[in-house]
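User: I'm new to this one and would like to go through it with you piece by piece. Could you bring it up?

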Amino acid sequence: MTERDTARALAHPEPGEIRLEAVLHALSDPVRLSIVRDLAATEAELACSYFDLPVTKSTTTHHFRVLRESGVVRQTYRGTTKLNGLRRAELQTLFPGLLDTVLTAAAAETARLAAPAAPVA
C-alpha cells in the first residue's frame, strides 16, 4: 500500500466492535435504509454516486459515514471513487436473521404504502 492509499483508508469497526444498537440506529433512518436495500439487491460494490438520494451531498456523506461506522457497510477507495459493500456475512454471524428481517419488513412496508387505500364502507 502506498502512503497515499494509507491516507485514504477508511476506519471500519472490527466484527467484535459492532454493536446491535449502532446497527439498529443506522437502519432506522429511511435514507440509510434505502442505501442498504440497494446494496442488498446486488453482490457488487456500488459507488456513492450510484445512489439518487433526496438529500444534499454533505448529508449523503453523513449517511454513509453512519453506515460505515456502525459496521453495516464497508467503504473502499478505487482511484477517486468510494465503493460501498454491505457487510452481510459479518452481520449475519453477529445478528442471525436481523438484516434479512429488516429488509423483508422494509419491502412489506413499501408495498403496503404503495397499495391503493381500501374504500371506506
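User: Which residues does Thr 60 touch, leaving out those up to four places away in sequence?
Analyst: Once residues up to four places away in sequence are set aside, Thr 60 touches Leu 53 and Val 55, where contact means heavy atoms within 4.5 Å. Please keep in mind that this is a predicted model, in which local features need pLDDT of at least 70 and side-chain atom pairs count only at pLDDT 80 or more, while totals for chains, interfaces and linings use all residues. Residues are numbered from 1 along each chain as its sequence is written, and side-chain values use heavy atoms, with hydrogens and water left out.

User: Okay, and where is the place of Thr 60?
Analyst: Thr 60 belongs to helix α4, which covers residues 57–70. Helices (H or I, at least four residues) and strands (E, at least two) are DSSP runs, numbered from the N terminus.

User: Does Thr 60 count as buried or exposed?
Analyst: Thr 60 counts as buried because its relative accessibility is 13%; buried means under 20% relative accessible area, exposed over 50%, and partly exposed in between, using a 1.4 Å probe and protein chains only.

User: Zooming out, how many helices and strands does the protein have?
Analyst: There are six helices and three strands in the protein, and read along the sequence they follow the pattern α-α-α-β-α-β-β-α-α. The C-alpha trace spans about 70 × 30 × 25 Å along its principal axes, and of the 121 residues, buried ones make up 32%. Among contacts with a separation of 6 or more, 65% come from residues 24 or more positions apart.

User: Back to α4: at what angle do the axes of α3 and α4 cross?
Analyst: Helix α3 (residues 30–40) and helix α4 have axes that come within 10 Å and cross at roughly 65°, the axes being lines fitted to C-alpha atoms, for helices over the stretch in contact, with angles running from 0 to 180 degrees between N-to-C directions. That angle makes α3 roughly perpendicular to α4, given that angles under 35 degrees count as roughly parallel, over 145 as roughly antiparallel, 65 to 115 as roughly perpendicular and the rest as oblique. The crossing is right-handed; the near helix turned clockwise from the far one by less than a right angle gives a right-handed crossing, and anticlockwise a left-handed one.

User: And which residues of α3 and α4 meet?
Analyst: On the α3 side they are Val 31, Arg 32, Ile 35 and Val 36, which meet His 62, His 63, Phe 64, Val 66 and Leu 67 in α4. By class, this contact has six nonpolar, two polar and one charged residues, with Ala, Val, Leu, Ile, Met, Phe, Trp, Tyr, Cys and Pro counted as nonpolar, Asp, Glu, Lys and Arg as charged, and the others, Gly among them, as polar.

User: How does α2 pack against α4?
Analyst: The angle between α2 and α4 is about 155°, and their axes are 9 Å apart, which makes α2 roughly antiparallel to α4. Their crossing is left-handed. Ala 22, Val 23, His 25 and Ala 26 in α2 meet Val 66, Leu 67 and Ser 70 in α4, and the residues of this contact divide into five nonpolar, two polar and no charged.

User: Which residues of α3 are buried?
Analyst: Val 31, Arg 32, Leu 33, Ile 35, Val 36 and Leu 39 are the buried residues of α3, and what covers them includes α2, β1, α4, β2, β3 and α6.

User: What caps the N-terminal end of α3?
Analyst: Asp 29 does, with a side-chain oxygen 2.9 Å from the backbone nitrogen of Val 31.

User: Switching to a strand, where is Asn 84 found?
Analyst: Asn 84 is in strand β3, residues 81–86, and is buried, with a relative accessible area of 0%. Its side chain makes a polar contact of 2.7 Å with the side chain of Gln 75; a polar contact is a pair of N or O atoms within 3.5 Å, and within protein one must be able to donate a hydrogen and the other to accept it, while residues adjacent in sequence count only if both atoms are side-chain atoms. Residues that Asn 84 touches include Leu 39, Cys 48 and Phe 64.

User: Last one: is Gly 16 buried or exposed?
Analyst: Gly 16, which sits in the loop between α1 and α2, is exposed, with a relative accessible area of 58%. From Gly 16 to Thr 59 there are 43 residues in sequence and 28 Å in space, C-alpha to C-alpha.
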